[in-house]
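Here is a short briefing on one protein model. Keep the structure in view as you read.

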Amino acid sequence: MIGYVTLGTNDIAKAAQFYDSLFEVLGGSRFMEFESFIAWSTGPDQPSVCVTKPFNGEPATVGNGVMIALMVDSNDKVDEVYKKAIELGAQDEGPAGPRDDIEGFYAGYFRDLDGNKLNVFHMPSP
């Protein structure tokens, strides 16, 4: 259902380095790039994540309550992506591990270099 999500950045070069390295772990790569916009995906028929400088020229700010969730196929992959995000300078918002409120849900939460909140998660099929 989701085609893409876009996150604001105030430093496109720094955001590009962060997401190039993070999405490499997920098998993703850049597929669209302009001076103030970059998009990554794992394939042409898959959703993408984009970063951009705001169109209105104002500084990018973090949306309160906004979070992007990245789905992976195993708890080990959650651990790997979460660890990579932290190594790249992301801020911890909840270490990778099981969450008590949803049976089988395993996730790690972090904020990127601009303060945008993301999580990487795995939830086995029922």
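A hairpin of six residues links strand 3 to strand 4. The model is predicted. Strand 3 covers residues 37-41 and strand 4 covers residues 48-52. The two strands pair in the antiparallel sense, over five bridges. Across this pairing, Ser 41 stands opposite Ser 48.

**The other hairpin**
- Strand 2 and strand 3 also form a hairpin, with two residues between them.
- Their pairing is antiparallel and runs over five bridges.
- Glu 33 stands opposite Ile 38 of strand 3.

**The whole sheet**
- Strands of a sheet pair through backbone hydrogen bonds, in a parallel or an antiparallel sense.
- Here four strands make an open sheet, in the order 1-4-3-2, and the pairing is mixed.
- Strand 1 (4-8) and strand 2 (29-34) are at the edges.
- Each edge strand has a single partner strand, so one of its sides has no neighbour in the sheet.
- From one strand to the next, the twist averages 20°.

**The helix on the sheet**
- Helix 1, residues 12-25, packs on the sheet.
- Helix 1 touches strand 1, strand 2, strand 3 and strand 4.
- The direction of helix 1 makes about 5° with that of strand 3.

**Inside strand 3**
- Which residues point which way from strand 3?
- Phe 37, Ala 39 and Ser 41 point one way, while Ile 38 and Trp 40 point the other way.
- Residues on both sides are buried.
- Five of the five residues of strand 3 are buried, so the strand is largely enclosed by the rest of the structure.

How values were computed:
Residues numbered from 1 in each chain as written. Predicted model: local features only at pLDDT ≥ 70, side-chain atom pairs only at ≥ 80, totals over all residues. Heavy atoms only, no water. Pairing = 2+ DSSP bridges. Axes fitted to C-alpha atoms, helices over the stretch in contact; angles between N-to-C directions. Contact = heavy atoms within 4.5 Å. Buried < 20%, exposed > 50% of the residue type's maximum accessible area, 1.4 Å probe, protein only.
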